[in-house]
Amino acid sequence: MDITRRFFLKSSGIALVGMGALPSFLVRAVAATSAARGKILVVLFQRGAMDGLNAVIPHAEKEYYRLRPTIAIPRPAKGNAEAALDLDGFFGLHPALASFKKLYDQKLLAIVHAAGSPDSTRSHFDAQDFMESGTPGIKSTSDGWLNRYLGAKPVESTSSFRAVAATSQLPRILQGSSPALAIPNLGQFTIRAGRYTETVRGGLEALYGSSGDALLTPTAKETFEAMDVLERLNQAGYQPGNSAQYPGNPLGQSLRQVAQLIKANVGLEVAFAEVGGWDHHVNEGGAQGQLANLLRFFSESVSAFVTDLGERMEDVILVTLSEFGRTAFENGNRGTDHGHANAMFVIGGGVRGGKVYGQWPGLEREQLFEGRDLALTTDFRDVLGEVLVHHLGASNLQLVFPTYTVNPEKFRRFLKA
Amino acid sequence: MDRHTSVSRSFLAVWLSVLLLAPTVPMAGAAAGERGAGSGLDVGARLTEQQKILHALNRLGFGPRPGDIERVQKMGLSAWIEQQLNPASLPDTAVEQRLASLETLRMSPTELIVTFPPPQLLRQIARQLAIRAGMDPEAGAEEIARELGLRRPGRAPEERAGRQNPPASAEQRRQQMEQLREELRRGPQRIVVELSQAKLIRAITSERQLEEVMADFWFNHFNVFFGKGAVRHLTTSYEYEAIRPHALGKFRDLLGATARHPAMLFYLDNWMSVDPKAEADPRDLRRRYLASALADGVRPGQIYADILRNQGLDPSKYLGADGEPRGFGRRQMMDERGINQERLLQRLNELQNQRGNRQRRPEQQQQRNLGLNENYARELLELHTLGVDGGYTQQDIIEVARCFTGWTMRPLQLGPKFLFVPEVHDRGTKTVLGEKISAGGIEDGERVLDIVARHPSTARFISTKLARRFVSDHPPESLVKRMAETFTKTDGDIKAVLRTLFNAPEFWSPEAYRAKVKTPFEFVVSAARATGAELEDFPPGLLLALRELGQPLYFAQPPTGYKDTADAWVSTGGLLNRMKVALGIATNQLPGVRVISVAARADSPDALVAELGERVLGEPLPEQSRAALTEQLKKGLAESGVQGAPEPAARLALGWLLASPEFQRR
């Protein structure tokens, strides 16, 4: 601890008397291994609207093949690498989701099909907004449901790292009155100035330390503390566990950093990551092509995360969201347009995996929503509600989803009791 | 794919690569010497004259430039305020000259569409040309797109993904910067970059500071989101034709201008709101669009020809003499009722199916059911006028939505423009906030605007929001009440309401002094003003900084716009980024932003910190901070061991001061 740090701590009223004076999360970071391990939720947003019908294929539906003459994934067949990977005789996974098939067989992956937001908007922006605010149809909600969860379940000593988004800006889902960090890159959450780094930081700490600003000084203190923690993590370097190989894409890097924070025991409770590029109006492709490529790097990133965390997945659940599904039929450009319900993936040690949950609405003309899209049979808030209550131990969902009554009767029970 | 996400990512990649490369702040020694320090912040029962001037510069404008305080002192504070309330009296030629290079500011929506065609229009062109050539509509379209050199809309995800990784080498960075420059020159991103640059330049250099504050306030109040489809080509016109002319005018005029502007009609979906009971159907809408375009001398298909010409191609090679794509001549578009674009679409579909030799899918032909859309009605009441607690019901929202049925816009390819289509308007009697509305035409919507603009809840709501912007996050009730009275008395005269505000003791109270935390926009603008930083057109460093700080200009997605209260902006990541941006500006590490010289007179660390502190903050740095910072500066100088070059040390001190908690407030 150099002079400037002492100055900062002293002037912000903190006496330096051994470890006891350090914030609890720093203590935890230092004494990492002995810290109690809390439950963790990772929310992964697939922006642009994933084509759930080609990701989790209802291969037993004749109508599916009639509606999608050029982009349908063939029925499961031994020896056909382009065919769907059968899950339960009715649904199958896209062949590019082979790594998810493993998780499914290991009972780590559950799928909820025909799930999503009940609002009928087909605007990406509105629909993403609704899914993040947790209040479909109401545009003026100023905070996100994940942030409201943090407020609804206050914890004794809040870690700066309790809520982290692996994005450059704090996403809508984490905006609100509870603190949350946006860290696109752990290594860059720092101020560096070559050999003058200490000097530059020293000046900043001196300014905030000597200011009595009731709002900014405490925030600055958290910032410098987070920087210190990350410094230590970065110096230690990071080697993924179990020889996990993260793909070199941004999602892989985001999840790698989330795993790093989880293992560092810095008090992470909710994390957010995102992956874009799902809006395939043109030449979506079938077993090969644009969607296939994206599904492959998406699933391989998530699978690497699961491999990396190994046993620790017992504490972690990762759940995916995408703003809406896509049209049941393919369009004239061999793509799909904006639709309604979608498939959600739930992954973790506490998941009763190896099953596709939910009620299948069918693809017959009269079964489709507005005659064109997969109908919705599970509200995304019932999926999230089950995770929040049974995994994270939330008790007041009314605060998290103020415009919706989450009814445990409607939970799909994809979590172990 | 949503273009804006890829845009933002490519910005981001460059930004990350440029700024986060461990800026090395060069240090050098300075001669020793001591000089007396300034006093601490002195907020007594009343503001001093000096504090009042600083307060006014911070609130009516974006903070003082060096010399501003003296200038206002000389002319008198009340004279300066009066001048700010009458911006037309202030010459602003320097700004106009500076903006001359930003060409898109002077382009109409149609010109913007032709110059920066939206991907779906390019697809349509390629497709129609493919059909004409007897090719498969899809494969052919791709081939033609390549042949014509039309930019292919969207990129493969891997490619897009790759762009997000910070580049490894200097050469890669340079290439990426070049690529960004090219994208900005040709792509629709240029529209938002130039809009943002103009907004920054005006806020930083315009003499008409209050006008800029109000233009920003109203745009944010009547927010539209640049990333949503057609809004991209309409935002320039929206800001310059709907918002700015009324920034200090009458609220009703401002409200009316936003209600009719295609950007708002599209953003809040009213363009597709029709009476579900009307016998008319979407075809009537299309017919009206075409008739309106023809009446304005816009030929359908003309925009295609213009786009081709703009790409350096001869339209006659591809299009018929009448400007239509060949094979879709005028005759096919006419029937006994006049123009029938439906026939055109049908014909297109037939051809598609013939040539593509593919199964006809009835679902695809299905019209999207149009109906009542409540989005605009809801936000009009909740966000634009009455406020969420303004005393309206869900039924009022429905009734207002009914009044606005038929308020639509001509689509981009026909030259976007407000249009009222009586065939899809709900002519029934509506009851809005207790008042019956039954004219049955465009007057219905206008009547709604009259009612809500003059409603007491609106007077209160707007006054509260203004007081929050100018005074504090929780403005005194007494002040809001008097402002609302003025609002009502003057029929929503914005200038009069502001006068009440600027004359109020609450505005000048010590509690209000430095009570507001700056938004990122206010932060970067005030930093540029305090340092005299110059902006280059490219690369747009401050714009990138704003993206990092969480306030990318014109990209507020929700209709609420950006918040201007501290809770929205004070966070660990946000503060860290402010520190980086502050250091980046002071040390010229922020691309496209240059502080030519710090030009400090001081010759000792003590004097330097005191001098720059006063320059940046407009008043002396509090004593404790000054002493602490001086100590740090001396320490740094001692470590560097270099002698006799105060400029780098001055830059470091400047960066510190811009990053200081005092500078985060106004």
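**View 1. Confidence in the predicted complex and in chain B.** The predictor assigns the complex an ipTM of 0.81, together with a pTM of 0.79. For chain B the mean pLDDT is 82, and 81% of the residues of this chain reach 70 or more. Two stretches of chain B call for separate mention: over residues 151-166 of chain B the pLDDT stays under 50, and the model has 31 contacts beyond four places in sequence for this stretch. Over residues 326-369 of chain B the pLDDT is likewise below 50, and this stretch has 60 contacts in the model beyond near neighbours in sequence.

**View 2. Chain B as a whole, with its helices and strands.** Chain B contains 34 helices and eight strands, and of its 666 residues 52% count as buried. When the contacts in chain B between residues at least 6 apart in sequence are considered, 75% of them join residues that are at least 24 apart.

**View 3. The side of chain B that touches chain A.** In this view 64 residues of chain B are in contact with 62 residues of chain A. Several helices of chain B give two or more residues to this side, among them helix 1 (3-19), helix 22 (375-384), helix 31 (572-586) and helix 34 (646-659). The largest share, eight residues, comes from helix 33 of chain B, which spans residues 623-640. By residue class, the side of chain B that touches chain A divides into 28 nonpolar, 21 polar and 15 charged residues.

**View 4. The largest nonpolar core and two of its members.** This core has 294 residues, of which Ile347(A) and Ala653(B) touch the most other members. The largest share of the core, 10 residues, is supplied by helix 11 (residues 290-309) of chain A. If residues up to four places away in sequence are not counted, Ala653(B) touches Leu608(B), Val609(B), Leu612(B) and Leu633(B).

**View 5. Helix 12 of chain B and the helices packed around its buried residues.** Helix 12 (residues 209-221) of chain B has 13 residues and reaches 18 Å from its first C-alpha to its last, which is close to the 18 Å expected at 1.5 Å a residue. Because 11 of its 13 residues are buried, helix 12 of chain B is largely enclosed by the rest of the structure. The buried residues of this helix include Leu210(B), Val213(B), Met214(B) and Phe219(B), and also Glu211(B), Glu212(B), Asp216(B) and His221(B). The buried residues of helix 12 pack against helix 4 (77-85), helix 11 (189-205), helix 13 (231-243), helix 14 (251-260) and helix 25 (456-470) of chain B.

View 6. Once its neighbours within four places in sequence are left aside, Trp218(B) is in contact with Ile243(B), Ala247(B) and Leu254(B). The C-alpha atoms of Trp218(B) and Arg244(B) are separated by 8.4 Å, although these residues are 26 residues apart along the chain.

**View 7. Strand 1 of chain A and its two parallel partners.** Strand 1 (residues 40-46) of chain A is mostly covered, since seven of its seven residues are buried. Both of its faces are covered, with Ile40(A), Val42(A), Leu44(A) and Gln46(A) on one side and Leu41(A), Val43(A) and Phe45(A) on the other. Strand 1 runs parallel to strand 9 (residues 316-321) of chain A and is joined to it by six bridges, and six bridges also join strand 1 to strand 8 (residues 270-275) of chain A, again in parallel. At Val42(A), the residue standing opposite in strand 9 of chain A is Leu318(A), while the bridge partner in strand 8 of chain A is Ala271(A).

**View 8. An open antiparallel sheet in chain A.** Three strands of chain A form this open sheet in the order 2-4-3, with antiparallel pairing. Strand 2 (56-57) and strand 3 (85-86) of chain A stand at the edges and have a single partner strand each, so one side of each is left without a neighbour in the sheet. Strand 3 and strand 4 (residues 92-93) of chain A pair in the antiparallel sense over two bridges, and Leu85(A) stands opposite Leu93(A) in strand 4 of chain A.

How values were computed: Residues are numbered from 1 along each chain as its sequence is written. Chains are lettered from A and ligands numbered from 1 in the order in which they are written. This is a predicted model: local features need pLDDT of at least 70, side-chain atom pairs count only at pLDDT 80 or more; totals for chains, interfaces and linings use all residues. A nonpolar core is a set of buried Ala, Val, Leu, Ile, Met, Phe, Trp, Tyr and Cys residues joined through C-beta atoms within 7 Å. A residue is buried if 20 or more other C-beta atoms lie within 10 Å of its own, exposed if 12 or fewer, and partly exposed in between; C-beta atoms are placed from the backbone. Helices (H or I, at least four residues) and strands (E, at least two) are DSSP runs, numbered from the N terminus. Two residues are in contact if their C-beta atoms, placed from the backbone, lie within 7 Å. Two strands pair if DSSP finds at least two bridges between them. Ala, Val, Leu, Ile, Met, Phe, Trp, Tyr, Cys and Pro count as nonpolar, Asp, Glu, Lys and Arg as charged, and the others, Gly among them, as polar. The expected span of a helix is 1.5 Å times one less than its number of residues. pLDDT is the predictor's confidence in each residue, from 0 to 100.
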